[in-house]
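Hello,

Here is the structure for you to look at. My notes follow below it.

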Amino acid sequence: MNILSPSILAADCARLGEQIDLAHGAGAKYLHIDIMDGMFVPAISFGMCVVSSLRKATGMVFDVHLMVEDPIRYVEEFASGGADIITVHLEACRDVGQTLERIRSLGKRVGLSIKPATPVSEAAPYLDRIDMLLIMTVEPGFGGQKYIAASTERIREARRIIADRGLDVDVEVDGGITRDNLKEVLEAGANVIVAGSAVFSGDIAENVQGMMETMETGV
Ligand code: DX5
Ligand code: ZN
């Protein structure tokens, strides 16, 4: 199933609840929440209080993307704060397997992410322990960047390995996704689509509907 996950990094923080309701009302099921620690990536974004407050405001599936150094330190807090999917970066973990296991033990869905320069083969050993592989299609850290063209081949490679091994793993893409390259990433094998600027710039409901139409019909 193809799923749209609007990234609130591009939302108006003063009107977060309202903008999320618009995206949800237009059909988005997931909400992508970027947590940045100023270490793994230069920027700082949201903290726990944003997640737990939003949890009370919406029933959307919380897709929490931890761009945080040594993320095992925080998975418990995000799990109890309302995350449904917790994604950690392979490059940020001291012990990847243990971190994934901790997320699983908390009853949450497990995501693993790789930056553009990390070979897909490095994530391959963990595919049987995760629910979602997040392939960064820009350098993590900022919204509004341009899609890195070489990502398409990486998506294809990941989908091929997952299919060859008969696994049921979602492939999520994040960064620079617009209505113009959406078809390309879907065809390569992505099925969870993060979009920040493409959703929250302009008419939110219209943006969501437009993207979902492409995801459902392929046009
Ligand atoms: C970037 C974040 C993304 C970001 C995407 O590090 O992980 O989720 O919000 O923003 P757009 O869709 O504007 O590239
Ligand atoms: Zn993200």
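**What I found**

Asp70 sits in the loop between β3 and α3, the helix of residues 75-81. Please keep in mind that this is a predicted model. The phi angle of Asp70 is near 50°. That is a positive value in a residue other than glycine. Is Asp70 buried or exposed? Asp70 counts as buried because its relative accessibility is 13%, and the cut-off for buried is under 20%.

**The ligand**

Now to ligand 1. Ligand 1 sits in the largest pocket. Which elements give two or more residues to the shell around ligand 1? They are β2 (30-36), β3 (61-67) and β8 (192-195). The most comes from β2, which gives 3 residues.

There are 20 residues around ligand 1. Ser7, Asp34, Gly141, Asp174 and Ser197 come nearest. By type, the shell holds 8 nonpolar, 10 polar and 2 charged residues.

Next, the polar contacts of ligand 1.

- His32: a polar side-chain atom lies 3.4 Å from an oxygen atom of ligand 1.
- His65: an N or O atom of the side chain is 3.3 Å from an oxygen atom of ligand 1.
- Gly144: a polar backbone atom is 2.9 Å from an oxygen atom of ligand 1.

How much of ligand 1 does the protein cover? On its own, ligand 1 has 380 Å² of accessible area. The protein covers 99% of that.

Two more residues to look up in the viewer.

Val199 lies in helix α8, which spans residues 197-200. Val199 counts as buried because its relative accessibility is 0%. How far apart are Val199 and Ser5 in space? Their C-alpha atoms are 9.4 Å apart. Along the sequence, Val199 and Ser5 are 194 residues apart.

Val192 lies in strand β8. Val192 is buried, with a relative accessible area of 0%. Val192 and Met67 are 125 residues apart along the chain. Their C-alpha atoms are separated by 18 Å.

**Where to start**

I would open the view on ligand 1 in the largest pocket. Then turn to His32, His65 and Gly144. After that, go to Asp70 in its loop between β3 and α3. Finish with Val199 in α8 and Val192 in β8.

Best wishes

Methods: Residues are numbered from 1 along each chain as its sequence is written. Chains are lettered from A and ligands numbered from 1 in the order in which they are written. This is a predicted model: local features need pLDDT of at least 70, side-chain atom pairs count only at pLDDT 80 or more; totals for chains, interfaces and linings use all residues. Side-chain values use heavy atoms; hydrogens and water are left out. A residue is near a molecule or strand if one of its heavy atoms lies within 4 Å of it. A polar contact is a pair of N or O atoms within 3.5 Å; within protein, one must be able to donate a hydrogen and the other to accept it, and residues adjacent in sequence count only if both atoms are side-chain atoms. Accessible areas come from the Shrake-Rupley method with a 1.4 Å probe; for residues, only the protein chains shown count as cover. On a 1 Å grid over the protein atoms alone, a cavity is a set of points where a 1.4 Å probe fits but cannot get out, and a pocket is an open set with protein on both sides within 12 Å along at least five of seven lines; lining residues have an atom within 4 Å of a point. A molecule sits in a cavity or pocket if more than half of its atoms lie within 2 Å of its grid points. Helices (H or I, at least four residues) and strands (E, at least two) are DSSP runs, numbered from the N terminus. Ala, Val, Leu, Ile, Met, Phe, Trp, Tyr, Cys and Pro count as nonpolar, Asp, Glu, Lys and Arg as charged, and the others, Gly among them, as polar. Buried means under 20% relative accessible area, exposed over 50%, partly exposed in between (1.4 Å probe, protein chains only).
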